[in-house]
Amino acid sequence: MHEIGIAEAILDAVEKRAAGRPVQHARVRAGALLRISEPAINQAFAMVSAGSPAEGARLELVIIPARHICRTCRHVTTSDDVFASCGGCGGIDVVTEGGDELILESIQTTEADHVPGHPRRDSGDPARPS
């Protein structure tokens with residue numbers, strides 16, 4: 001299940017962006033060549049995020065199509081199918097560009113009790129804003 005490695009990379013990026021805050025949701029853009037599905041990546045993410053601030057977070061997956069260029073007729077198209085043939089001439093001598101991206105687009109967090117490196121609001125210190 002190659003989704004585990006991808007989920008670990010996503011978790012690393014999510015944790016850096018969240019800075020200790022609990023994560024509810026993350027939106028990820030993944031190239032079609034990675035051949036991942038939303039149910040599989042959510043299952044893998046649930047496994048690797050257990051015990052982390054992202055535990056229980058749901059991933060929304062957006063697939064980025066690959067660009068296909070036919071070497072025979074020069075027809076250019078995009079597709080989620082990594083084994084696409086040319087839509088112009090039907091040929092199979094196709095060059096594929098892109099489709100291997102993995103981008104953490106956004107995260108949604110909740111307010112944490114305390115974010116490391118930031119003062120506690122309930123510290124009772126009059127010099128610190130509450």
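Exposed means over 50% relative accessible area, buried means under 20%, and partly exposed lies in between (1.4 Å probe, protein chains only). R35 sits in the loop between β1 and α2. Helices (H or I, at least four residues) and strands (E, at least two) are DSSP runs, numbered from the N terminus. The phi angle of R35 is near 50°, a positive value in a residue other than glycine.

A word on the model. It is predicted, so local features need pLDDT of at least 70 and side-chain atom pairs count only at pLDDT 80 or more, while totals for chains, interfaces and linings use all residues. Residues are numbered from 1 along each chain as its sequence is written, and side-chain values use heavy atoms, with hydrogens and water left out.

**Next, A19.** Find A19 in the loop between α1 and β1. Its phi is near 50°, a positive value in a residue other than glycine. A19 is partly exposed, at 40% relative accessible area.

**Now the core.** Select I10, V14, I41, F45 and L59. Of the 20 residues in the largest nonpolar core, these five touch the most other members. A nonpolar core is a set of buried Ala, Val, Leu, Ile, Met, Phe, Trp, Tyr and Cys residues joined through side-chain atoms within 4.5 Å. At least two core residues come from each of α1 (3–18), β1 (23–31), α2 (38–48) and β2 (58–64). The largest share, 6 residues, comes from α1. In soluble globular proteins, nonpolar side chains tend to be buried together.

Zoom in on I41. Beyond its neighbours within four places in sequence, I41 is in contact (heavy atoms within 4.5 Å) with E3, I6, A7, I10, L59 and L61.

**On to H68.** Look in strand β3, residues 66–70. Is H68 buried or exposed? H68 is buried, with a relative accessible area of 2%. Its side chain reaches the backbone oxygen of D81 at 3.2 Å. Leaving aside neighbours within four places in sequence, H68 has contacts that include H75, V82, A84 and V94.

How many disulfides does a search of the whole structure find? The search finds 0. A disulfide is a pair of cysteine sulfur atoms within 2.5 Å. Select C70 and C89. The sulfur of C89 is 3.7 Å from the closest cysteine sulfur, in C70, so the two are too far apart for a bond. C70 counts as buried at 1% relative accessibility, whereas C89 is partly exposed at 39%.

How values were computed. A polar contact is a pair of N or O atoms within 3.5 Å; within protein, one must be able to donate a hydrogen and the other to accept it, and residues adjacent in sequence count only if both atoms are side-chain atoms.
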